[in-house]
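Please open the model in a viewer and keep the selection tool at hand.

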Amino acid sequence: GRDMEKGSITVGNTTFICEDAAFVVSKGVFNREDPFRYAVPLLMLQMSLISLVNQACYYCFKPLHQVSIVTEIIVNSSFNSNAGMIFGPTFLGHNKYFSTKVFPIYSKKILDTVSKLGLMFFLFLMGVKMDPGMIKRSGRHAIIIGLSLFFVPLACAVSIALILRRFEPMDKSLAQCLPLIAGSQSMTGFLVIAILLTELKMLNTDLARLAVSSAMVGDVIGITLTAVSLAITQSKSKPLAAIWGILSTIGLVGLIIFVARPIMLWIIKRTPVGQTVKEVHIISIFLVILVSGFISEVVGQHVVLGPLVLGLAVPDGPPLGSALVRKLDSLVTKILFPTYFTVSGIKTNMLAIHLWDLWIIGIIVTFATIVKIAAVMIPAIHFKLPVREAFVLGLILTTKEIVELLVYNLWNDVGMLNEQEFSLTVLSVLFITAIVAPLLTNLNQHSSSSSNSDHIMNAFKNYEMQNQGFVSVQAFMSIADIATMHDDVCNLALDKRVNLVIIPYHKQIAVDGRIGLGSRAIENLNHNIIEKAPCSVGLLVDRSILNGSTSMLLNRSIYSVAVLFMGGADDMEALAYGVRMAKHPRVNLTVIRYLTFHGDNTRDRKLDGDLINEVTYHCAEDGVVFLDKVVKDGEDFVAAIRSIGARYELMMVGRHQRKESKLLFGLTDWNECPELGIIGEMLVSSDSGVMSSVLVA
């Protein structure tokens, strides 16, 4: 029979498409040309519709506690002209003119190519956001749970599939691929789990880290077996070709790990602290993504294998990982990636499903899900995890989405699944995830509140109320292990693009002013934040107990702040924050600049003088006081510091000063707390006589 679409003809199960190579860019409707017949305007329209409808439906499904990828499956699995909801025959697809104009058969090849490109960059991006080191930090718990997660459901699901195939009547094609579909139930995508936990605001919990780490272990096995099976399938009973395909895949992974990753570490080492990675390095990595995808196809693997491994090899966080995420995130996740689900939806025909076959697949999926939850809970409870948390962990690890769809698309492309079987597998993915997400949301809401954190949140709210018009507070709660807490702090700072993170000093201040014993764990936390934060870090030594103020700006009519300025980038930053504070009507700021008799470097002194003059000009209305104190040497400088006493409630100073400064002569050898810096440690010392709180920036 002939297809109704212009430019295509269908003979049996084969469709022939006639295309004009010149029909790429339209000359416009005013020249009496139909833009829908040209590749570029049609592709732009398709991608715009996909993105707009996807975002609109996401906000509609959000009250039902559904995550974005569930929405994408629901929306984009309906583009088939024979099935679906929004673009299917129920709504827009009922109009034949719309279906043949907007999604004609001759446009599917281009759309499929764009979808593969979007999927490739998306999986690379997700790999960059992941930290494979989580497996090592989670220890043997994650490894054992990951092994149980993969092998127990695999054995049980395949067994029940073989039993059903023997005793239940079914289509011959379904009987052949039933063990394959059953085996796929053991797969768990760590990328999908990370997305799900991020959207449910659970990613910062220890349970979530264990879930992602366990899923990574299972995925290493699953991806390996999938790559091997694909190499064997592609070889078409040619053992030598299969062996070469497997060895080439191992070579590609080795090339990424032992060549590409060291180069990226070298790029990070060459990037100065606080600066962004050079544009040429970012472009080079983009090219490597494309090359790795090309090599994956050449060796007989899916195009996403190389980019996914490459993304996992990229060191996460600043400066390189965060720069790549910033460059790619919005374009890839909101525009390119949704087209992949659209192409999957075009292959999905719900009306091709037979009810009896649906019942058989339902039995396998339900059985495999129950077994998978049990396979996670048993070792988790053995490792002293509470039953409730073990159940939540099991639910998290039953999530299905991108990875399964990717595998099912692969099997469909190579003819291992027909239209009905592919539709059944897509439906099973949708069904499980649509149930799991709301369940996790409800369980998380019941367990997330605690009185221990409520009073801290209330303190922030009260602080904001007391300082309306000057301060706005966004409170975030994260449940994390102290060993990995710095990752949460740095990631939040990066997401919110903050300029300054303030952390507490690890030692306690006694009532008499002496410094007590400190917490080694908090000290390590501070070191990690200072080293890895994508912005400046201020270390606060709170001495409010000594000067009688229990809360900043609440019990005092005037709050006195001093900035000690010796010169250098850090002192300049401390001065900038002091000037910001001076905008508050109840803050009096004093800037004390220390100079030597013979002066330091003339160029540096001029630079400092220009900055002070500029600040003086801009702060004329804020009542900022500027003082110059001339000292002879380091000893005289120490005496000047000690003379400050309890004059100010808060003193601010930079962590590092210019090394060649004569003010620091003889003092550098006494710096035992590098996170405070030389001057900061001097101010904090109980021998200094200073009673102020200290902020080292």
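In which hand, left or right, does α7 pass α15? The crossing is right-handed, a term used when the near helix is turned clockwise from the far one by less than a right angle, whereas anticlockwise is left-handed.

Before continuing, note that this is a predicted model, in which local features need pLDDT of at least 70, side-chain atom pairs count only at pLDDT 80 or more, and totals for chains, interfaces and linings use all residues. Residues are numbered from 1 along each chain as its sequence is written, and side-chain values use heavy atoms, with hydrogens and water left out.

**First selection: α7 and α15**

Select residues 172–184 for helix α7 and residues 355–382 for helix α15; their axes come within 11 Å and cross at roughly 25°. Here helices are DSSP runs of H or I with at least four residues, strands are runs of E with at least two, and both are numbered from the N terminus. Axes are lines fitted to C-alpha atoms, for helices over the stretch in contact, with angles from 0 to 180 degrees between N-to-C directions. The angle makes α7 roughly parallel to α15, a description for angles under 35 degrees. Now display the side chains of Leu174, Leu178, Ile181 and Ala182 in α7, which meet Asp357, Ile360, Ile361 and Ile364 in α15; contact means heavy atoms within 4.5 Å.

Move to helix α20 (residues 485–496) and helix α21 (residues 520–532), whose axes come within 9 Å and cross at roughly 35°. This crossing, too, is right-handed. On α20 the contact is made by Met485, His486, Val489 and Cys490, and on α21 by Leu525, Asn528, Ile529 and Lys532.

Next, select aspartate 571 in helix α23 (residues 569–581). At 0% relative accessibility, aspartate 571 is buried, that is, under 20% relative accessible area with a 1.4 Å probe and protein chains only. Beyond its neighbours within four places in sequence, the contacts of aspartate 571 include Leu564, Phe565, Val653 and His656. Its side chain reaches the backbone nitrogen of glycine 567 at 3.2 Å.

Finally, select lysine 583, in the loop between α23 and β8 (587–596). Residues up to four places away in sequence aside, lysine 583 touches Phe470, His618 and Asp622. The C-alpha atoms of lysine 583 and phenylalanine 470 are 8.8 Å apart, although 113 residues separate the two in sequence.

Terms used. Buried means under 20% relative accessible area, exposed over 50%, partly exposed in between (1.4 Å probe, protein chains only). A polar contact is a pair of N or O atoms within 3.5 Å; within protein, one must be able to donate a hydrogen and the other to accept it, and residues adjacent in sequence count only if both atoms are side-chain atoms. Angles under 35 degrees count as roughly parallel, over 145 as roughly antiparallel, 65 to 115 as roughly perpendicular and the rest as oblique.
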